[in-house]
Amino acid sequence: MSGILDLLGSDLGKSIISGVAGSTGNDTSKTSSVLTMALPVLMKAMQRNASTPQGAEGLMGAIQGKHNGSILDNLGGLFGGGVDEEVKNDGDKILGHVLGAKKQGVEKIIGEKSGLDAGSVANILKVAAPILMGVIGKQAQQQNVSSSNGIGDLLGGLLGGSSADKEQNFLEQILDADGDGSIVDDVAGMVLGGDSKKSGLGGLLGGLFGK
C-alpha cells in the first residue's frame with residue numbers, strides 16, 4: 001500500500017494541493033509544504049486516538065458514514081467556486097477532535113517551517129482534513145477494514161510503518177508541542193535539515209525544507 005506522502009505526489013495529490021491552494025488563496029508550493037508536514041502529523045494523532053477502543057470505534061464510525069471516501073469522487077465540485085463553509089466547519093471539528101489542545105501549537109510550528117502564518121495553515125488544514133478522512137475511508141473500503149481492530153494497522157500502513165525512529169520522534173514531538181516550539185525545533189531541525197537523499201518521511205521533508 002502506498003503511503004500518504006506517495007498520494008501527495010500522485011495526480012490525485014496534485015489536484016488536492018492545487019485545489020486547497022486555490023480555495024485558501026495560498027501559494028501552491030507553500031500549500032504543498034504544509035500538507036506534506038501536516039498530514040503525517042494528523043495521521044499519527046489519529047493513530048494515537050485509535051489506540052483506545054473508544055477512539056478506534058469513533059474513527060471507524062466516521063469513515064463508514066460521512067467520511068467514506070465519496071468526497072474524492074467529486075473534487076472538481078468541491079473546489080469549483082470555492083469550498084463550502086460546511087466542509088470547512090467539518091474540517092475544523094475534525095482538527096479539534098484529532099489534535100485537541102495541541103491544535104494551535106501544531107499550526108504554529110508548521111507555519112514557521114513553511115513560511116506561512118498560523119491562520120493560513122489553519123485554513124489549509126480545515127479544507128484538507130475532510131479530504132484526508134476521505135482518503136482513509138476509501139482505503140478502509142479497499143482493504144475491507146470493517147472493524148475498529150484494523151484501523152490502527154491501516155493508519156500505520158498509510159504512515160509507512162517502517163519510518164525511522166527519529167521520523168516517528170518528530171511526529172511525536174510536534175504533537176507534544178506546547179506552542180513554544182523549542183523542543184520541536186530541535187527535533188524538526190534534525191529531521192527537516194537531514195540528508196535529502198535519505199528515504200522515508202525525513203528524506204522527503206529534508207528535501208523539501210532543508211534547502
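Start by colouring this predicted model by pLDDT, the predictor's confidence in each residue, from 0 to 100. The chain averages 81, with 75% of its residues at 70 or more. Residues are numbered from 1 along each chain as its sequence is written. In this predicted model, local features need pLDDT of at least 70 and side-chain atom pairs count only at pLDDT 80 or more, while totals for chains, interfaces and linings use all residues; side-chain values use heavy atoms, leaving out hydrogens and water.

Now select residues 179-211, where pLDDT stays under 50. The model has 59 contacts (heavy atoms within 4.5 Å) beyond four places in sequence for this stretch. Where pLDDT is low, the predicted coordinates should not be read in detail.

Which elements have the lowest and the highest mean pLDDT? Helix α11 (residues 182-192) is lowest at 42, and helix α8 (residues 118-142) is highest at 95. Helices here are DSSP runs of H or I, at least four residues, numbered from the N terminus.

Show Leu 59, Ala 62 and Ile 63 from α4, then Met 133, Ile 136, Gly 137 and Ala 140 from α8, to see the contact. Six of its residues are nonpolar (Ala, Val, Leu, Ile, Met, Phe, Trp, Tyr, Cys or Pro), one is polar (Gly counts here) and none is charged (Asp, Glu, Lys or Arg).

Last stop: Asn 144, in the loop between α8 and α9 (151-159). Its phi is near 55 degrees, a positive value in a residue other than glycine. Asn 144 is exposed, at 66% relative accessibility (exposed means over 50%, with a 1.4 Å probe and protein chains only).

Key. Helices (H or I, at least four residues) and strands (E, at least two) are DSSP runs, numbered from the N terminus. Buried means under 20% relative accessible area, exposed over 50%, partly exposed in between (1.4 Å probe, protein chains only).
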